[in-house]
Amino acid sequence: MFRSGWQGTVSLGFIAGALAAFLGLAVNAAGAASTGPDSTGSKAEKARIAAVTKPASDFSEAEKFEQNQGGAATVYKPLNTSIFSHPSGNMAFEKQLDFKVGDGIFRKIWVSAPSSTESSDGLGPLFNSRSCQGCHLKDGRGGPPAAGEQAVSLFLRLSVPPQDEAQRTLLAKGEAALIGDPTYGTQLQNFAIQGHQPEGEMVVEYEEVPVTLADGEVVNLRRPTYSVANLKYGPMHPEIMLSPRVASPMIGLGLLEAIPEEDILAWADPDDKDGDGISGRPNRVWDSVKGGLSLGRFGWKAGQPTVHQQSANAFVGDIGISTPLVPASSGDCTPAQKACREAPTGDDALEGTEVTKQMMDLVTFYARNLGVPARRDVDDPKVLRGKQMFYESGCTSCHRPKFVTARDFDGEEQAFQLIWPYTDLLLHDMGEGLADNRPEAQADGQEWRTPPLWGIGLTETVSGHTYFLHDARARNLLEAILWHGGEAEAAKQKVVEMSKADREALLAFLNSL
């Protein structure tokens with residue numbers, strides 16, 4: 001049995017073969033299904049997948065393959081600060097050079113233009129970080145700034161209500177997810193290259209909020225309030241809306257992209273017709289490649305449809321770097337920021353953007369293939385008890401444990417895998433306590449996408465902290481649970497009413513993910 005600290009390796013052939021037996025299907029060594037008479041999504045195959053992904057009902061022992069939470073792509077490596085930085089466990093050797101080059105672009109420190117390092121210039125002029133890894137350090141979770149420190153991995157998104165008919169039409173058609181501030185755009189950039197002024201500084205203040213559990217234990221939550229100081233480009237719009245966002249872990253993104261859309265939509269219940277108090281709505285967002293609306297999967301409000309588009313928007317918003325998909329060489333700078341718009345760029349002479357198509361393809365491949373670590377302690381009695389508490393509290397209504405990825409997904413490392421992400425990728429009303437009161441595409445101001453939980457127990461190992469939720473306000477997993485409201489209020493109350501032993505078992509389960 002696999003336990004915490006286990007550092008061995010498992011044959012990919014063993015995993016793939018075992019999955020094949022489990023699903024009753026032929027699976028090759030990379031985890032992708034072979035073609036055959038029963039390999040086209042037949043009724044029988046769908047029935048087998050439904051059986052495999054059926055919620056657990058026996059908590060006396062671990063489920064088959066439960067430790068392989070990333071399917072055949074699961075990573076079995078030493079548990080240290082690099083555990084989120086390994087390629088999919090089933091990646092062929094000849095592809096690993098692409099992964100490593102993509103890693104190099106992810107880590108690249110961008111500089112201002114013009115520069116002798118032509119493939120690395122074009123930073124800003126306004127930015128939040130000089131590299132992807134600046135926010136996603138070790139491919140892990142960001143955190144709040146320390147006292148007196150400028151925020152890097154936590155920043156503020158900005159928007160205003162539509163101001164005219166043209167903007168209302170853009171929002172109604174889904175061609176825009178929001179309307180940015182006329183001067184400051186869609187994101188507050190608190191750094192700038194030489195000769196330019198950063199836009200301002202995010203200020204966060206906390207108020208302690210005590211919560212008393214049923215057994216008398218008191219947990220202090222901290223309620224944040226956000227504002228902006230030292231604005232350098234004049235006042236913001238009087239109706240400005242601020243939404244804090246912290247950098248999310250990078251693992252398993254390709255596997256989330258490979259979940260069939262119909263399997264996600266099957267759990268949607270926007271009008272709560274089954275009366276269980278849980279709705280679940282898909283966010284429909286603009287897909288720049290498709291030129292139409294697609295299911296949103298990535299970001300705290302499911303505002304992006306693909307890993308590629310999510311990465312391209314992070315380049316432009318966070319670093320001020322243009323890509324073929326978002327060719328904005330001055331980043332998020334608005335027409336009101338004239339000097340920023342007129343600054344030199346690092347655009348490639350042939351392709352006209354700072355990140356070329358080849359570079360973008362490589363960094364997208366890297367982001368898609370950051371592997372999910374194996375579970376620990378899956379058969380520990382305390383963890384199994386905690387898993388039962390997780391199910392019985394109703395947490396699985398949103399944190400869906402299992403999916404089987406699409407057979408025809410174009411990444412062979414991700415295709416046709418049994419995975420355990422603990423998310424439904426849908427929007428849920430999380431109550432006033434977590435609301436940012438800022439719509440994004442079809443998400444309203446109280447809705448957030450259910451975040452995946454895989455790897456959450458390794459946050460301190462990778463990132464050196466245990467800050468959670470969209471703005472890192474929770475200092476540990478129990479605080480994160482106690483911030484749940486809205487559709488999750490009933491599940492939270494069951495945790496409040498638990499005995500201390502059951503609550504600690506629940507946390508042990510979460511820490512095993």
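**Exercise 1.** Which residues line the second largest cavity? Work out how the lining divides into nonpolar, polar and charged residues.

*Solution.* Start with the search: in this predicted model, three cavities of 30 Å³ or more turn up across the whole structure. Next, pick out the second largest cavity, which has a volume of about 40 Å³. Its lining consists of A113, G122, L123, G124, P125, I193, S329, S330, P344, T345 and E354. Finally, sort these residues by type: five are nonpolar, five polar and one charged.

**Exercise 2.** Describe the largest nonpolar core and find which element gives the most to it.

*Solution.* Begin with the count, which is 53 residues. F390 and L510 have the most contacts inside this core. Then turn to the elements: those giving two or more residues include α2 (43-52), β4 (201-212), α11 (381-392) and α15 (500-512). The top contributor is α13, with five residues. Now look around F390: leaving out residues up to four places away in sequence, F390 touches C395, T396, H399, Y422, L453, L506, F509 and L510.

**Exercise 3.** Decide where the model calls for caution.

*Solution.* Take the whole chain first: pLDDT averages 93, and 92% of the residues score at least 70. Then check residues 1-39, where pLDDT stays under 50. The model has 82 contacts beyond four places in sequence for this stretch. Where pLDDT is low, predicted coordinates should not be read in detail.

Methods:
Residues are numbered from 1 along each chain as its sequence is written. This is a predicted model: local features need pLDDT of at least 70, side-chain atom pairs count only at pLDDT 80 or more; totals for chains, interfaces and linings use all residues. Side-chain values use heavy atoms; hydrogens and water are left out. A nonpolar core is a set of buried Ala, Val, Leu, Ile, Met, Phe, Trp, Tyr and Cys residues joined through side-chain atoms within 4.5 Å. Buried means under 20% relative accessible area, exposed over 50%, partly exposed in between (1.4 Å probe, protein chains only). Helices (H or I, at least four residues) and strands (E, at least two) are DSSP runs, numbered from the N terminus. Contact means heavy atoms within 4.5 Å. On a 1 Å grid over the protein atoms alone, a cavity is a set of points where a 1.4 Å probe fits but cannot get out, and a pocket is an open set with protein on both sides within 12 Å along at least five of seven lines; lining residues have an atom within 4 Å of a point. Grid points are joined across faces, edges and corners, and a volume is the space filled by probe spheres set on the points. Ala, Val, Leu, Ile, Met, Phe, Trp, Tyr, Cys and Pro count as nonpolar, Asp, Glu, Lys and Arg as charged, and the others, Gly among them, as polar. pLDDT is the predictor's confidence in each residue, from 0 to 100.
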